[in-house]
Amino acid sequence: MPEGPEIQRACDKIARVLKQQRLVEVQIEWPPLAEFEQIWKGSAIVDLRARGKALLTFFDTGDILYTHNQLYGRWLTRKTHKIPSSNRSLRLAFYTEKGSAYLYSATDIEVLSQEELSQHKYLSSLGPDILDPDLQSAQIKNRLLEKRFRNRQLAGLFLDQSFLAGPGNYLRSEILFVAGVHPRLKPSQLGPQKLERLARTTLLISRRAYETGGITTEAQLEKRLKAEGERRRTRRHYVFGRAGKLCRLCGQEQVEKVTISSRSVFFCPACQVNSPRGE
Ligand SMILES: [Zn+2]
């Protein structure tokens, strides 16, 4: 499943073709939305935003297209108007002077008004987006201490999209490792400095993964690992996917893998001690 940084990058890619562009042609192959083929032809797309795992497309007609890809949905873009060859089912195609964008196989597609948007069940269940440029670490710290979150294990909390929208499996392990907190600890067990560090690290690692296209290791380290011949798949991360390998930070312990909230979390038992209040 793609995580916040991958979804935001996919949104950026679609925006390069559609944002601030007039639609010279619209093709709709999803019957419930058939009428919008005529309505949107000639209209302009004013903005595109990723929200959780959904993409929102804002039209100058006031309509907002909500699409959630679930498991099979996928957007493709082209610099031309040549439709990609694909075995998937085409739902929508938008054509502008800049190129074209195609949505395949998604089943969660709706057109919303501004008012419906604010009351949308999935969207209103989401916490602040980790890639929102206005999100501050102080907000994350406050959120960690909220009653509904403070007594939850960090491993589960960092997959809960109502806490923060965006983190998935690799970000969860990487954020907790860089912050130096054990995945089984709860926010209520952390001292103020640890909480502060966890909040800052959440922003740092999420933004780094967005900028680098999914790399969470620090640039110098990643460069050195590359020079040493490590493949991209393994040098991308500190702990995620590295069970049994030596920790990159302490160089003493092997990275461990445990299943929490039905998904694997990776951590270093030396760098992330399971002791409350440990600073
Ligand atoms: Zn370590």
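**Loop residues, domains and helix packing**

S105 sits in the loop that links β8 (99–104) to β9 (108–112). The structure examined here is a predicted model. In this model, the phi angle of S105 is near 65°. That value is positive, and S105 is not a glycine. S105 has 16 C-beta neighbours inside 10 Å. Burial requires 20 or more such neighbours, and exposure requires 12 or fewer. S105 therefore counts as partly exposed.

A positive phi is also found at Q20, where the angle is about 60°. Q20 is likewise a residue other than glycine. Its place is the loop between α1 and β1 (21–22). Around Q20, 12 other C-beta atoms lie within 10 Å.

The overall architecture was examined next. The chain contains 11 helices and 11 strands. Its C-alpha atoms fill a box of roughly 60 × 45 × 30 Å along the principal axes. The chain has 279 residues, of which 34% are buried. Contacts were also sorted by sequence separation. Among those with a separation of 6 or more, 60% join residues 24 or more positions apart.

The domain assignment divides the chain into domain 1 (4–124) and domain 2 (137–267). Taken over C-alpha atoms, the two domain centres are 32 Å apart. Six residues of domain 1 and nine residues of domain 2 take part in the contact between them. On the domain 1 side, the touching residues comprise one nonpolar, three polar and two charged.

Helix α1 spans residues 4–18, and helix α9 spans residues 192–212. Their axes are 8 Å apart and meet at an angle of about 40°. Angles under 35 degrees would count as roughly parallel, and 65 to 115 as roughly perpendicular. The α1 and α9 pair is therefore oblique. The crossing of α1 and α9 is right-handed. From α1, the residues in contact are G4, P5, Q8 and R9. Their partners in α9 are S206, A209 and Y210. By class, this contact holds three nonpolar, three polar and one charged residues.

K13 also belongs to helix α1. It has 15 other C-beta atoms within 10 Å, so K13 is partly exposed. K13 and A101 are separated by 88 residues in sequence. In space, their C-alpha atoms are 9.5 Å apart.

Helix α9 packs against helix α8 (residues 169–179) as well. The axes of α8 and α9 come within 9 Å and cross at roughly 130°. Angles over 145 degrees would be roughly antiparallel, and 65 to 115 roughly perpendicular. The α8 and α9 helices are therefore oblique to each other. Their crossing is right-handed. Helix α8 contributes L171, E174, I175, V178 and A179 to the contact. Helix α9 contributes R197, L198, T201, T202, I205, S206 and A209. These residues of α8 and α9 divide into seven nonpolar, three polar and two charged.

A further partner of α9 is helix α5 (residues 137–144). The α5 and α9 axes cross at roughly 125° and come within 8 Å. This pair, too, is therefore oblique. The crossing of α5 and α9 is right-handed. On the α5 side, the contact is made by S137, I140, K141 and L144. On the α9 side, it is made by L195, E196, L198, A199, R200, T202 and L203. The contact of α5 with α9 has six nonpolar, two polar and three charged residues.

Key
Residues numbered from 1 in each chain as written. Predicted model: local features only at pLDDT ≥ 70, side-chain atom pairs only at ≥ 80, totals over all residues. Helix = DSSP H or I, 4+ residues; strand = E, 2+ residues; numbered from the N terminus. Contact = placed C-beta atoms within 7 Å. Domains from an automatic or database assignment. Nonpolar A, V, L, I, M, F, W, Y, C, P; charged D, E, K, R; others polar. Axes fitted to C-alpha atoms, helices over the stretch in contact; angles between N-to-C directions. Left-handed = near helix turned anticlockwise from the far one by under 90°.
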